[in-house]
Amino acid sequence: MSHTPLSRRDLLKLAGTAGAAAAAAPASVVPAEAQRRPSRPAREPLRALTAHEADLLDRIAELLVPSDELGPGATEAMAVRYIDRALSGALADQRDAYRIGLEALERYARQTRGAPFLQLTETRQVSLLIDIESGTATGANVGFIGSSAQFFALMRGHVMQGTFGDPHYGGNAGFVGWELLGYPGVRTVVTPAEQKLLSPPTAVRRSAYDNPMFNKAIVDQKPAGSDRDAD
Amino acid sequence: MASVVIAVTTGGMAAAQAPATLEVTSPTLTAGQPVPRQHTADGENISPAIRWRGAPPSTRSFALVCDDPDVPMPGGFVHWVVYNIPGTASGLPENLPIDPEASMPPAIAGTVQGLSGFKRPIYRGPAPPPGKPHHYHFTVYALDVTGLPPGLTRAQLVEAMQGHIVGQGELVALYERKPPPPPGN
Amino acid sequence: MPTNLPGTDVVVIGLGAAGGVAVLPLADAGIDVVGLEAGTWLTNKDFAPDEIRNNVRDWPMAVQKCNREVPTHRLNDKAPTTRPAGHVMMNGVGGTTLHYWAQSWRLAHWDFKVVSETARRYGRSRLPAGSTVEDWPFGYEELEPYYDRVEHEIGVSGQAGNLLGTLDRRGNVFEAPRTRPYPMPPLRSTGYLDRMTAAAKALGWHPFPGPAAINSERYQGRMPCMYHGFCNRGGCHVDAKNGPNVTTIPRAQKTGRLKVVTEAHVTRIEVNDAGRVTGVTYVTGTEEFFQPAKAVLLSTYTYENTRLLLLSTSKPFPKGLSNNHGQVGRHYLSHATGASVTALFPFNLNSWYGLPAQGVAVDNWADDNFDHAGLDFIGGGNLWVYSDRRPIGAANMNTFGRAPSWGRQWKAFVKENADRVNSAYLQKTTLPYEDNYLDLDPAVKDPLGFPVCRITADFKDNERRIADFIQDKMELWYRAAGAIDIVRGPLGTMGLNTHAYGGTRMGDNPETNVVDRHGFSHEVPNLGVLGASVMGTSGAHNPTLTVQALAWRSAEHLVEHWKTIAE
């Protein structure tokens, strides 16, 4: 499902699934929930995720680090681009965990909320993610491996890396993540004056790898977890 | 530890009498029967409507705790903590908001959800490990005080309620998850 | 069949903090050394300020040999065994000093004499039940010249607090006396550290800047620290972090006497029927070699030191090399550094830069620096405040129960508080106990088929009581500085740790110690052991400088007694 603004018909469809309270509300109330979808930069060709998986992760990332009046979030940061690149490289051994986890998430959405994840209202999506985070989305036939909390932690961790990590890895686009935190940026020299005040110095916006001295070749090296023999 | 500000009743004798017994019911929960799916993690996980009767006139607010004593930890597992429910309310509507910025329905304006065992100020329903039924105690308290601070856990709420419980009642329902079918089905 | 190599005088197994320092006095004395290191060389170009790589994906730690032989852990003999996901240390020329925090402390007088000092001051009954603690075979004075030598050889910055008995309140007034000032002044302070220093003084405590093996100014031709904020689990892009790889090892190579062999994985220490070491067997890639030597120094870090000895069985040593008295693996401990304290402040701290070694310390509650009469524990802890903050770490910050870990509320919380949270590092006295030990895991093997090390250990009452006491003090300090909320972490269990001690303890009594007062095996005359595996107490400070002082001393002993030990 793409992220073009919802039509009035879509909004009424959502109102129909939201339960008695929402149906009783005037139709103009429902759009407020649906409107919080930022305009996303165009998606680049995917390397590891399927389009549907990327759609799911885009929406989940948006809920984890939303765009709101405080500023941009994981969507503008292109956190899912980070995840896709990682799964096609250094974290390739976690690609299956995403396939299984996202399938389980979809199954759980259908079984418990009656519709695929992307068709749920935001409230239901948040409620569902809370269940997955807490490990309670582990009923019969759902299909998470072990506790659903493990998969949630994996996703959340990657969304945070994709929002706040060095842009060299594909996320933190436009440094929106570092802006959000007030992180003054990568410096290779920090002066005494820059550490003396209790307020951070002026932001510099560059990747560590904009500095030609650093060896980039090792960036994609896999953690040895994949090398270890099974115990 | 949260410091608790208590608005003291001018009624006088309320705390000295034995607490009244409240009758606690629900349009969807039945005592001794399974909790319907929509109130559990196998469904939408929305909070059930709860109703009560029999609170004494000294009641200033109500509180509600849902816990599962069958989880092997001290005090069981806490699924829901609610308090500062107006003394004029006769129940909670279904599906209290999970967004802390959303407002409560007007009939229960001022109601606060405290921290459950999931460390969130919302209702999260039964999600027991498969194999045996667990019990879910929905306990309602009538208090002669109100204005408890936000963000209390069950333990903090219980401490704040000491000496102020003028009525109490409960409804106990069950829930059981079946083990997953063996592979190959 | 392993290929036989030409013989050498000394094989040093492992070129980390300990082995990397020992090679210099040997090479300077004209002794030929082959340094066998399981890892590789890394240079400052490999150390980009990259949080994903260093702190999330744990590079370069995660790709090392030690990560394929992670020890297992159980709390006691009856408990189930678990295995951490990764090793906390790494292999490389310089070992874990390539990315460590580089705090560089001397131990206190008391750490060398816990038994006799406790008996003298409080009575023997105050020694914790079940502890196998012994006095070290020598006191601080014996080690002082080696502390001094290593501090100058590798470069340690700091402020002396006790010069030959004269106290200097700018430094640590509780420290044991030094004969010389530090070779470099301490790392600079920051606005936040100034505030914490003032708060400690207001409490009547004695705060001071901590010592670090990090250049605070140009030293030996290397750059000073740039304070850029990626020192924690990161290497130094300007070679200001002073490990052996940029100091003692290149100096030893210049003498022409040191040969460094990288990616050399030692699998056995070989002995002859007379019970003397003859050399070591190692694997590099798929080839196997036998490197003959007249003496061997084992410096592979605490877990691997024990493991390699236990794996090297032979006719004279059927229970493992130097283990006929059953002491290899015993008296193990790892530092009680858990029981954290984290504070939330109502103002920014400007904590995005700096490094863990740039901080302010309080030792008023360490060691035996305060009266323990009426208390139910011995020892204490060092309170250490520093700033160390990077973006992904900030996104995972503790929200003090004020927000969940994602969503709108979370975003608002971290936007306001990302620079308002600080955690302290609290190193506490830890003692050895009868039931804390290392051995070989009966089930889990490494990729070569050898059993991995198994840790059987947990903290005891003494450690738990110190932890509570120190958390109280740290909370007091943070609140005095304006903190509005505090979260305490649990002490945890005595699992895998970057400060691990024991397993080849040093002492005069061969019934209860593996090596003698010079670090040489009681049972195998030409085998020396370097590293914190020889230490019998932890103290309340990082082990590395003590390890390096001991290593230098052992190497010097080998030089001075070459004929009797090696020939």
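Q: How many residues of chain A are in contact with chain C, and how many of chain C with chain A?
A: This is a predicted model. Contact here requires C-beta atoms within 7 Å. On that basis, the chain C side has 52 residues, and the chain A side has 50 residues.

Q: Which elements of chain A give two or more residues to the side that touches chain C?
A: The contact of chain A with chain C involves 50 residues of chain A. The elements of chain A that give two or more residues to this side are α4 (51–64), α9 (148–164), α10 (176–181) and α11 (192–196).

Q: How do the residues of the side of chain A that touches chain C divide into nonpolar, polar and charged?
A: That side holds 50 residues of chain A. They divide into ten charged, eleven polar and 29 nonpolar.

Q: Which element of chain A gives the most to the side that touches chain B?
A: This contact takes 15 residues from chain A and 16 residues from chain B. Two helices of chain A, α7 (95–113) and α8 (122–134), each supply at least two residues of the chain A side. By class, that side has five nonpolar, eight polar and two charged residues. With six residues, the element that gives the most is α8(A).

Q: What distance separates the centres of domain 1 and domain 2 of chain C?
A: The domain assignment gives chain C a domain 1 (1–157 + 211–327 + 501–567) and a domain 2 (158–210 + 337–428 + 459–492). Taken over C-alpha atoms, the separation of their centres is 28 Å.

Q: Which element supplies the largest share of the side of domain 1 of chain C that touches domain 2 of chain C?
A: In this contact, 43 residues of domain 1 of chain C meet 38 residues of domain 2 of chain C. On the domain 1 side, at least two residues each come from α2 (51–56), α3 (109–112), α4 (114–121) and α5 (140–155) of chain C. The domain 1 side divides into 17 nonpolar, 16 polar and ten charged residues. The largest share, six residues, comes from α5(C).

Q: Which residues form the covered face of strand β8 of chain C?
A: In a regular strand the side chains alternate between the two faces of the sheet. In β8 (residues 258–261) of chain C, the uncovered face has K259(C) and V261(C). The covered face has L258(C) and V260(C).

Q: Which residue stands opposite K259(C)?
A: Strand β3 (residues 33–36) of chain C runs parallel to β8(C), and four bridges join the two. In β8(C), K259(C) lies on the uncovered face. The residue opposite K259(C) is V34(C).

Methods:
Residues are numbered from 1 along each chain as its sequence is written. Chains are lettered from A and ligands numbered from 1 in the order in which they are written. This is a predicted model: local features need pLDDT of at least 70, side-chain atom pairs count only at pLDDT 80 or more; totals for chains, interfaces and linings use all residues. Two residues are in contact if their C-beta atoms, placed from the backbone, lie within 7 Å. Ala, Val, Leu, Ile, Met, Phe, Trp, Tyr, Cys and Pro count as nonpolar, Asp, Glu, Lys and Arg as charged, and the others, Gly among them, as polar. Domain bounds come from an automatic or database domain assignment. A residue is buried if 20 or more other C-beta atoms lie within 10 Å of its own, exposed if 12 or fewer, and partly exposed in between; C-beta atoms are placed from the backbone. Two strands pair if DSSP finds at least two bridges between them.
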